[in-house]
Amino acid sequence: MTDDSREDLGSDASLLEALAAAPGLDEHGPLVPGTIVADKYRIEHAIGQGGMGVVYLARDQRLDRAVAIKLGVHVSERALARFEREGQALAKLNHPNVVTIYEVGEHADRLFVAMEYVAGGTARSWRVGKNGREILALYIAAGDGLAAAHDAGIIHRDFKPDNVLVGEDGRPRVADFGLARELTEAELPADPDDAGSGRPFATRGAVGTPAYMAPEQQRGGDVDQRADQYAYACTLWEALTGTRPESGVAATAGRAMPAHVASALRRAMSADPTDRWPDLRSLISELRRDPAARRRRLAIAGLA
């Protein structure tokens, strides 16, 4: 990516570049600037490429807005099916804290996903200069978006600060569900004894970013929404303290966060998934709790 194209994209370029994980375009080559996709999206230039596709900056000519287009390469049918499943699953979401998917379609025998372009930066870059209260509020909002994905049967499997976009309006959006999987019957545990295990979103495979991966995910075992909970807690702990927790057991938080927040995050980072919060919404509810505010209200009531 050239410096000029980076300037066009703003600080959002770093996230979109992260989608370009593997080299090599297919034999049809990239789309040239000016190409029209789905009779409405005019390609401006490529942002990056990866094993599952190429990401372009484009403009929706009908609505006159910038969009990001992810175009699949000519790979195996299984890989294309995964790409299509990703787009369809995300298109179901309609939440202010999740990057919006506008359309899933096909162009020149390749599947594409048109998604929201967010002018701003990632949560990692946004964090600089922010205080603990601001950081906590931002990640609580992002957690609402991730919980909405869980409600739709989607596991992110790669939640981290680089996959949270912060728009110029200050609103965070969870992005890059490239490793997300929609629940299907074929992915449910085959063992009848597991039917009541309480793992409604189980999938397999050790994929993700090691620094934020739950132990069971690193082992390549069954992965459900509790793995996202672990990654979310690691990410928030790092944002508040400036350091990453080790082996799921965080060091003393000190004055970096309130005691109830530290306790909640430690539980979410338990090595055993059954020791974590029952779901992400339970964790978010605890993070929203403000014991100090309650003590102030009681003190005022006592004075009265």
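Colleague: In this predicted model, which side chain has a polar atom 3.0 Å from the backbone oxygen of Arg 157?
Modeller: The backbone oxygen of Arg 157 has a side-chain polar atom 3.0 Å away. The residue that supplies this atom is found in helix α6, residues 215–218. The side chain belongs to Gln 217.

Colleague: Is Gln 217 buried or exposed?
Modeller: Buried means under 20% relative accessible area. Gln 217 has 2% relative accessibility, so Gln 217 counts as buried.

Colleague: Which residues line the second largest cavity?
Modeller: The structure holds two cavities of 30 Å³ or more. The lining residues are Arg 157, Asp 158, Phe 159, Gly 208, Thr 209, Tyr 212, Met 213, Gln 217 and Ala 231.

Colleague: What kind of aromatic pair do Phe 159 and Tyr 232 form?
Modeller: At 1% relative accessibility, Phe 159 counts as buried. At 0%, Tyr 232 counts as buried too. Phe 159 and Tyr 232 have ring centres 5.6 Å apart and planes at 50°, so the pair is tilted.

Colleague: How many residues apart in sequence are the parts tied together by Phe 159 and Tyr 232?
Modeller: Phe 159 lies in the loop between β8 (154–155) and β9. Tyr 232 lies in helix α7, residues 225–241. The pair therefore ties together parts whose separation in sequence is 73 residues.

Colleague: How many aromatic pairs does a search of the whole structure find, and what kind is the pair of Tyr 41 and Phe 112?
Modeller: The search finds two aromatic pairs. The rings of Tyr 41 and Phe 112 lie 6.2 Å centre to centre, with 70° between the planes. Planes over 60 degrees apart count as edge-to-face. So the count is two, and the pair of Tyr 41 and Phe 112 is edge-to-face.

Colleague: Which strands hold Tyr 41 and Phe 112?
Modeller: Tyr 41 is buried, with a relative accessible area of 2%. Phe 112 is buried as well, at 1%. The pair ties together parts 71 residues apart in sequence, because Tyr 41 lies in β2 (residues 41–50) and Phe 112 in β6 (residues 110–116).

Colleague: Which residue in the hairpin of β9 and β10 takes a positive phi?
Modeller: Three bridges join β9 to β10 (residues 172–174), and the two run antiparallel. Val 164 has Val 174 as its bridge partner in β10. Four residues lie between the strands of the hairpin. The positive phi, near 85°, belongs to Gly 170.

How values were computed
Residues numbered from 1 in each chain as written. Predicted model: local features only at pLDDT ≥ 70, side-chain atom pairs only at ≥ 80, totals over all residues. Heavy atoms only, no water. 1 Å grid on protein atoms, 1.4 Å probe; cavity = no way out; pocket = protein on both sides within 12 Å on 5 of 7 lines; lining within 4 Å. Points joined across faces, edges and corners; volume = space filled by probe spheres on them. Pairing = 2+ DSSP bridges. Buried < 20%, exposed > 50% of the residue type's maximum accessible area, 1.4 Å probe, protein only. Polar contact = N/O pair within 3.5 Å; in protein donor to acceptor, adjacent residues only side chain to side chain. Phe/Tyr/Trp six-rings, centres within 6.5 Å; stacked < 30°, edge-to-face > 60°.
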